[in-house]
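I opened this chain to look up its fold, one of its helices, its core and a few single residues. These are my notes, in the order in which I made them.

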Amino acid sequence: MNENIAKIADGLRRIQTEGGGGNFAIVEAYLADGRMYYIQFAGAIRSPDLYAEAVSNVYLDASLRLGNAQIARLQKLGWQPPQGEANFSRTWQAHTDQDREAIAREVMRAFTEVYGVPPGAAVDVHVNLE
């Protein structure tokens with residue numbers, strides 16, 4: 001399994017099996033020049049629900065903003081458009097490690113196909129447990 005998929009899936013597992021009700025994980029992916037995009041997850045111990053947000057233009061520097069084609073692609077991948085000053089969002093359910101790996105693959109797909117992160121670029125996963 002790809003190292004990025006493993007890191008993301010492990011972060012998702014942790015926010016579902018450790019801590020408390022206000023856990024979250026932030027996945028950061030970097031462009032070759034060091035600029036960064038993020039996708040963040042909220043979860044709770046013993047809950048299969050994972051709420052995710054992918055960064056929108058509201059929170060991006062002008063040099064990183066998404067064009068219309070990128071926004072359309074993100075929506076085609078299942079992300080809901082921002083409502084007001086918010087990020088793109090979607091909700092998953094993860095009951096197993098295989099579910100979390102499938103979600104991690106979708107996260108990497110968004111990073112590469114929408115945000116332009118190189119396929120081999122490493123991601124950082126920051127987990128905060130309540």
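**Terms and source.** Before checking a helix length, I noted that the expected span of a helix is 1.5 Å times one less than its number of residues. Helices (H or I, at least four residues) and strands (E, at least two) are DSSP runs, numbered from the N terminus. I am working with a predicted model, in which local features need pLDDT of at least 70 and side-chain atom pairs count only at pLDDT 80 or more, while totals for chains, interfaces and linings use all residues. Residues are numbered from 1 along each chain as its sequence is written, and side-chain values use heavy atoms, with hydrogens and water left out.

**Overall fold.** I found 3 helices and 5 strands in the chain, and along the sequence they follow the pattern α-β-β-β-α-β-α-β. The radius of gyration (over C-alpha atoms) is 14 Å, close to the 14 Å from the globule rule (2.2 Å times the number of residues to the power 0.38), so the chain is as compact as a globular protein of 130 residues. Along the principal axes, the C-alpha atoms fill a box of roughly 40 × 35 × 25 Å. I took buried as under 20% relative accessible area, exposed as over 50% and partly exposed as in between, with a 1.4 Å probe and protein chains only; by that rule 40% of the 130 residues count as buried. Taking contact to mean heavy atoms within 4.5 Å, I noted that residues 24 or more positions apart account for 66% of the contacts with a separation of 6 or more.

**Helix α1.** The 15 residues of α1 should span 21 Å at 1.5 Å a residue, and the end C-alpha atoms are 21 Å apart, which agrees. I listed N4, I5, I8, A9, G11, L12, I15 and Q16 as the buried residues of α1. They cover an arc of only 155° around the axis (taken from the directions from the helix axis to the C-beta atoms), which puts them on the same side of α1. An α-helix has 3.6 residues a turn, so residues three or four places apart point the same way. The buried residues of α1 pack against β1, β2, β3, α3 and β5 (123-128).

At the start of α1, a side-chain oxygen of N2 comes to within 2.6 Å of the backbone nitrogen of N4, and just after α1, G19 has a positive phi of about 70°.

Is Q16 buried or exposed? Q16 counts as buried at 5% relative accessibility, and a polar atom of the Q16 side chain lies 3.3 Å from the backbone oxygen of P48. Beyond residues up to four places away in sequence, Q16 touches A44, I45, R46, S47, P48, D49, L50, A94 and R100. K7, also found in helix α1, is partly exposed with a relative accessible area of 28%; leaving aside neighbours within four places, K7 is in contact with A122, V123 and V125.

**R46.** I then went to the loop between β2 and β3, the place of R46. R46 has a positive phi of about 65° although it is not a glycine, and at 74% relative accessibility R46 counts as exposed.

**Core.** I took a nonpolar core to be a set of buried Ala, Val, Leu, Ile, Met, Phe, Trp, Tyr and Cys residues joined through side-chain atoms within 4.5 Å. Which members of the largest nonpolar core touch the most other members? Of its 36 residues, they are Y37, F41, W79, F111 and Y115. The elements that give two or more residues to this core are α1 (3-17), β1 (23-30), β2 (36-43), β3, β4 (88-93) and α3 (97-113), and α3 gives the most, with 6 residues. Not counting residues up to four places away in sequence, F111 touches V27, A29, Y37, Y38, I39, G116 and V117.

**Y51.** Last, I looked at Y51 in strand β3 (residues 49-54), which is partly exposed with a relative accessible area of 36%. Y51 and S89 are 38 residues apart in sequence and 7.4 Å apart in space, C-alpha to C-alpha. Leaving aside neighbours within four places, Y51 is in contact with Q40, F41, A42, S89, R90 and T91. A polar contact of 3.1 Å joins the side chains of Y51 and E53; the term means a pair of N or O atoms within 3.5 Å, where within protein one must be able to donate a hydrogen and the other to accept it, and residues adjacent in sequence count only if both atoms are side-chain atoms.
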